[in-house]
Amino acid sequence: MTKPMVTLFARDYANGEPIRIEIEGDRIRRIEPAWPQGSLNDWPFVSPAFLDLQINGYGGTWFSDDALTAEAVLKALSPHFGFGVTRLCPTLITNSFEGLATGFAAIREACEQSAWANRMVCGCHLEGPYISGEDGPRGAHPKQHVRPANWDEFQRLQEISGGRIRLVTVAPEVKNGIDFIQKAVASGVVVSLGHTAATPEQIQSGVDAGARLSTHLGNGAHSMIHRHRNVIYEQLADPRLSASLIVDGHHLPPNLVRTFIRVKTPQKTILTCDAAGWAGCPPGVYENKLGRSEILPSGKLVVAGQQELLAGSAQEIDECVANAISFAGVSVKQAVDMASQNPAKLLGQEVVRLRRGSLADLVVFHITAESRIGPIRPISPISPISSPNERLRLNIEATIAGGELKFGSIVPR
Ligand SMILES: [Zn+2]
């Protein structure tokens, strides 16, 4: 059965030009200039949809849950269409072999049951368990399950996942770490450095062995480090490494986001929300095997009972894209590409472009600047920089995955 053709009118996210897009099947059939009847400012933007490398769950479901089921996976995946995400990597953190095996089996089952989930899960991210055991770099990963790199164990998990592990975060200094990185890279898995207390030399060895990403650079590190020779500068300076950044407004201060993006360049920066399983839950206190967490009214997710120690992110990628624009002064296109093209390229996934023949994974959105002192105003794609009194927001109007409307509606124009 052929799908009905979808036509949408919006502004090209790269230059703000009004366009008409025809979608047939899962592909863009035609793109041509359009002429709005009313004000162009009323038209939303259209861009490639987002791909998030690191999602830990949603609405109270954790992909790292020892009792994860396929049903829970599907329930945690579908809300992401609402954030403009069509592809993502469910992320399993440091756990026992049995816990990881249960998780990957449930994800595999969900993908085998459901075609949309199989498209959305463009890979799984195994974050740990081969990471630093030190307090600080280890972050919230449970210490009792941190262990030396083990290629045999990884291969068994890869088999259970049905070959879905596409990304693994490793600390290069762990026992057997370099050998593991070489084998993982040779098998086609992307290796990322993270949750590490490595020396600059150990970082270099990891990159020489084939690592190509830094996992949430600037987080998962000691809070006090040497001012010159440190794990962050070494990764920042190496042009072979892309960097993923959590730009939720809490994990990194705005000026550090600006510095990282300028040094790493927008082409080698990847935005991720690293959302916790508590994302999507209302403010309150929540508890699981990782401990008690609290979502504050501001949306900040902290260890329960205090205000500063982060327990993950409760923000999603749409918010990170808006923050990147205001924190780093990048264009709408640069910010969106950091959350779509760049992660797709890194994983070897199809890169979506606004052109004929491309995969129709698209997001339609408005950007507004909410000011504490004035009215909400629309943003220009060419010079979107907001003032310190403004907060940018992405309002998703529609998400199209594989040519199908998965969220919102296509407003006739
Ligand atoms: Zn992490």
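Residues are numbered from 1 along each chain as its sequence is written, and side-chain values rest on heavy atoms, with hydrogens and water left out. As the model is a predicted one, local features need pLDDT of at least 70 and side-chain atom pairs count only at pLDDT 80 or more, whereas totals for chains, interfaces and linings use all residues.

The protein chain falls into two parts: domain 1 (6-46 + 353-408) and domain 2 (50-347). These bounds come from an automatic or database domain assignment. Taken over C-alpha atoms, the centres of domain 1 and domain 2 lie 28 Å apart. In the interface, 23 residues of domain 1 are in contact with 25 residues of domain 2, contact meaning heavy atoms within 4.5 Å. About 2000 Å² is buried between domain 1 and domain 2, with 67% of it on carbon and sulfur atoms; buried area is the accessible area (1.4 Å probe) that two parts lose on being put together, summed over both. Tyr13, Leu392 and Leu394 provide 28% of the area that domain 1 buries against domain 2, more than any other three residues.

Charged and polar pairs also cross this interface. The rule finds 3 salt bridges between domain 1 and domain 2, a salt bridge being a side-chain nitrogen of Lys or Arg within 4 Å of a carboxyl oxygen of Asp or Glu. There are also 5 residue pairs in polar contact across the interface of domain 1 and domain 2, both residues at pLDDT 80 or more. A polar contact is a pair of N or O atoms within 3.5 Å; within protein, one must be able to donate a hydrogen and the other to accept it, and residues adjacent in sequence count only if both atoms are side-chain atoms. On the side of domain 1 that touches domain 2, β18 (362-371), β20 (390-401) and β21 (404-408) each supply at least two residues, and β20 gives the most, with 8 residues. Helices (H or I, at least four residues) and strands (E, at least two) are DSSP runs, numbered from the N terminus.

Turning to the sheet, 8 strands form an open, parallel arrangement in the order β5-β8-β9-β10-β11-β12-β13-β14. Two strands pair if DSSP finds at least two bridges between them. The edges are β5 (50-55) and β14 (269-272), each pairing on one side only. Within the sheet, β10 (residues 165-170) and β11 (residues 190-193) run parallel and are joined by 4 bridges; Thr169 has Ser192 in β11 as its bridge partner.

The structure holds 23 salt bridges. In one of them, Arg20 and Glu32 meet through their side chains at 3.3 Å, N to O; Arg20 sits in β2 (residues 18-24) and Glu32 in β3 (residues 27-33), 12 residues apart.

Most residues other than glycine have a negative phi, and most peptide bonds are trans. The peptide bond from Gly128 to Pro129, however, is cis, with omega near -5°, and Pro129 lies in the loop between β9 (124-127) and α4 (151-160). His195 has a positive phi, near 45°, and is placed in the loop between β11 and α6 (200-208).
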